[in-house]
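Thanks for coming. I will take a few minutes on one structure and go through some of its helices. Please have the sequence and the model on screen.

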Amino acid sequence: MLVRIVKLTFKEDSMEFFFQEFNRNKAEIIKFNGCRGMKLLHDIKQKNIIMTYSHWDDENALNDYRKSTVFNNLWNNIKPHFQERPEAWSHEIYFDGFHK
């Protein structure tokens, strides 16, 4: 399984727009083939920083999503609202101590 973490830093006046777009698309994202789940994290001190934490079957599943209409429509809508360039990391789980 692949874990994808993406840090998004938005212009402060764009947060409401982002949450509207995310809420409109989240059901399509989590039901995308190969997606095992996703969390949206909101920084507690810097309210314009969002991180997505998603689980994928493998890198191919993630890449299929990144080539999809769902991703491209969402990304094209939110991209003008970034304050900084997004950062992304892909990992394999080494240890999982969370309750199942």
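One term before the details: a residue counts as exposed when its relative accessible area is over 50%, and as buried when that area is under 20%. Keep in mind that this is a predicted model.

I start with helix α2, which covers residues 59-66. Which residues of α2 are buried? They are Ala61, Leu62 and Tyr65. These three lie on the same side of α2, because the arc they cover around the axis is only 100°. On the face turned away from that buried side, α2 carries Glu59 and Asn60, which are exposed.

What do the buried residues of α2 pack against? Two of the partners are helices, α1 (15-30) and α3 (69-78). The others are the strands β1 (2-9), β3 (49-56) and β4 (87-92).

The N-terminal end of α2 has a cap, Asp58. A side-chain oxygen of Asp58 sits 3.1 Å from the backbone nitrogen of Asn60.

Is Ser68 buried or exposed? Its relative accessible area is 9%, so Ser68 is buried. The Ser68 side chain also reaches the backbone nitrogen of Phe71, at 3.1 Å.

That brings us to α3. Here Val70, Phe71, Leu74 and Ile78 are buried. They cover an arc of only 90° around the axis, which places them on the same side of α3. Thr69 and Asn76, on the other side of α3, are exposed. The packing partners of the buried α3 residues are α1 and α2.

Last, the pair α1 and α3. Two packed helices are described by the angle between their axes and by the distance between those axes. For α1 and α3 the angle is about 175°, and the axes are 11 Å apart. An angle over 145 degrees counts as roughly antiparallel, and α1 and α3 are therefore roughly antiparallel to each other.

Which residues make this contact? From α1 they are Phe17, Phe18, Glu21, Phe22, Arg24, Asn25, Glu28 and Ile29. From α3 they are Val70, Leu74, Asn77 and Ile78. Sorted by class, the contact of α1 with α3 has seven nonpolar, two polar and three charged residues.

Notes
Residues are numbered from 1 along each chain as its sequence is written. This is a predicted model: local features need pLDDT of at least 70, side-chain atom pairs count only at pLDDT 80 or more; totals for chains, interfaces and linings use all residues. Side-chain values use heavy atoms; hydrogens and water are left out. Buried means under 20% relative accessible area, exposed over 50%, partly exposed in between (1.4 Å probe, protein chains only). Helices (H or I, at least four residues) and strands (E, at least two) are DSSP runs, numbered from the N terminus. The arc is that of the directions from the helix axis to the C-beta atoms. Contact means heavy atoms within 4.5 Å. A polar contact is a pair of N or O atoms within 3.5 Å; within protein, one must be able to donate a hydrogen and the other to accept it, and residues adjacent in sequence count only if both atoms are side-chain atoms. Axes are lines fitted to C-alpha atoms, for helices over the stretch in contact, and angles run from 0 to 180 degrees between N-to-C directions. Angles under 35 degrees count as roughly parallel, over 145 as roughly antiparallel, 65 to 115 as roughly perpendicular and the rest as oblique. Ala, Val, Leu, Ile, Met, Phe, Trp, Tyr, Cys and Pro count as nonpolar, Asp, Glu, Lys and Arg as charged, and the others, Gly among them, as polar.
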